[in-house]
Amino acid sequence: MARLHLIRHAATSDTGIRLTGRLPGVGLDPTGRSQAQALADLLAGTPLEAIYSSPLRRCRETARAIGSARDLDPIPYHSLIEVDYGTWSGRTFKSLRRAAAAGGFSTAPSRFAFPGGEAVAAVQGRAVAACETLAAVHGDAPIALVTHGDIIRTVLAHYLGTPLDLFRRLLIDPASISIVDLSPGSPPVVSAVNRVVP
């Protein structure tokens with residue numbers, strides 16, 4: 001059985017305010033650095049064979065904090081990168097409310113593509129494929145995947161059998177851990193969702 005620890009990066013100064021997407025240079029703020037250290041402490045007793053990370057800075061910094069506690073260098077993995085939000089990138093969540101409702105993201109995300117960016121269904125496809133590829137590489141060994149909120153939501157929706165149109169009902173906080181167990185020939189088991197560091 002492969003155990004995947006799906007970890008959302010810790011907080012940035014834009015968390016909850018702006019959709020940063022793939023904008024460069026967005027790193028952890030002081031709260032985020034404290035959260036990343038708390039994650040490292042929480043996971044200190046958890047065996048991990050490898051840590052994979054989205055190539056974006058906020059994920060690399062979170063992964064580095066976890067890896068430094070166990071002398072394990074995170075491995076950048078492009079398929080874990082944030083959603084390409086296209087022209088929505090950099091806009092405030094407040095400014096996007098009307099666009100999300102008008103464009104169908106709020107009501108039918110399974111059929112929605114971000115203007116100039118990715119389709120939500122394609123995001124889920126690449127994220128699930130990344131999980132299954134890395135699970136196959138590591139066999140029974142537990143691994144960590146440090147990535148982004150919407151990536152984790154789409155993955156969990158898939159393994160829970162939840163329609164993609166409902167994926168936004170899953171709350172995934174910064175510096176949270178969700179756990180999926182994958183075993184050949186058996187249904188996947190989601191054993192934790194949005195476990196937040198104390």
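Which residues lie nearest the centre of the second largest pocket? They are Ala 2, Ala 135, Leu 182, Ser 183 and Pro 184, out of 13 residues that line this pocket.

First, some housekeeping. This is a predicted model, in which local features need pLDDT of at least 70 and side-chain atom pairs count only at pLDDT 80 or more, while totals for chains, interfaces and linings use all residues. Residues are numbered from 1 along each chain as its sequence is written, and side-chain values use heavy atoms, with hydrogens and water left out.

## The sheet

The model has an open sheet of 6 strands with mixed pairing, in the order S3-S2-S4-S1-S5-S6. Strand S3 (75–76) and strand S6 (189–196) are the edge strands, each pairing on one side only. Helices (H or I, at least four residues) and strands (E, at least two) are DSSP runs numbered from the N terminus, and two strands pair if DSSP finds at least two bridges between them.

Strand S2 (residues 50–53) runs parallel to S3, and 2 bridges join them. Here Tyr 52 has Ile 75 of S3 as its bridge partner. S2 is also joined to S4 by 4 bridges, again in parallel, and Ile 51 stands opposite Ala 144 in S4. Moving on to S1, this strand pairs with S4 in the parallel sense over 5 bridges, with Leu 145 of S4 as the bridge partner of Leu 6.

How many residues of S4 are buried? The count is 5 of its 5 residues, where buried means under 20% relative accessible area, exposed over 50%, and partly exposed in between (1.4 Å probe, protein chains only). In a regular strand the side chains alternate between the two faces of the sheet. In S4, Ile 143, Leu 145 and Thr 147 point one way, Ala 144 and Val 146 point the other way, and all are buried.

Helix H5 (residues 149–160) packs on the sheet, touching strand S1 (2–8), strand S4 (143–147), strand S5 (176–182) and S6. Its direction makes about 145° with that of S1; axes are lines fitted to C-alpha atoms, for helices over the stretch in contact, and angles run from 0 to 180 degrees between N-to-C directions. Contact means heavy atoms within 4.5 Å.

## Two loop residues

Thr 12 sits in the loop between S1 and helix H1 (30–42). Why does Thr 12 count as buried? Because its relative accessibility is 6%. Leaving aside residues up to four places away in sequence, Thr 12 touches Val 26, Gly 27, Leu 28, Asp 29 and Arg 58.

Pro 55 belongs to the loop between S2 and helix H2 (57–68). With a relative accessible area of 26%, Pro 55 is partly exposed. Its contacts, again not counting residues up to four places away in sequence, are Arg 60, Tyr 77, His 78 and Ile 81. Pro 55 and Pro 74 are 19 residues apart in sequence and 10 Å apart in space, C-alpha to C-alpha.

## Pockets and a cavity

The search uses a 1 Å grid over the protein atoms alone: a cavity is a set of points where a 1.4 Å probe fits but cannot get out, a pocket is an open set with protein on both sides within 12 Å along at least five of seven lines, and lining residues have an atom within 4 Å of a point. Grid points are joined across faces, edges and corners, and a volume is the space filled by probe spheres set on the points.

| Site | Volume | Lining classes |
|---|---|---|
| Largest pocket | about 690 Å³ | 12 nonpolar, 9 polar, 11 charged |
| Second largest pocket | about 150 Å³ | 8 nonpolar, 3 polar, 2 charged |
| Largest cavity | about 30 Å³ | 7 nonpolar, 1 polar, 1 charged |

Ala, Val, Leu, Ile, Met, Phe, Trp, Tyr, Cys and Pro count as nonpolar, Asp, Glu, Lys and Arg as charged, and the others, Gly among them, as polar.

The largest pocket has a volume of about 690 Å³. Among its 32 lining residues, Leu 19, Tyr 85, Phe 93, Asp 150 and Arg 153 are the closest to its centre. The largest share of this lining, 4 residues, comes from H3, and helix H3 (93–103) and H5 each supply at least two residues.

In the second largest pocket, helix H4 (residues 120–138) gives the largest share of the lining, 3 residues.

The largest cavity is lined by Val 83, Tyr 85, Phe 105, Phe 114, Val 120, Val 123, Asp 150, Thr 154 and Phe 167. H4 and H5 each supply at least two residues of this lining.
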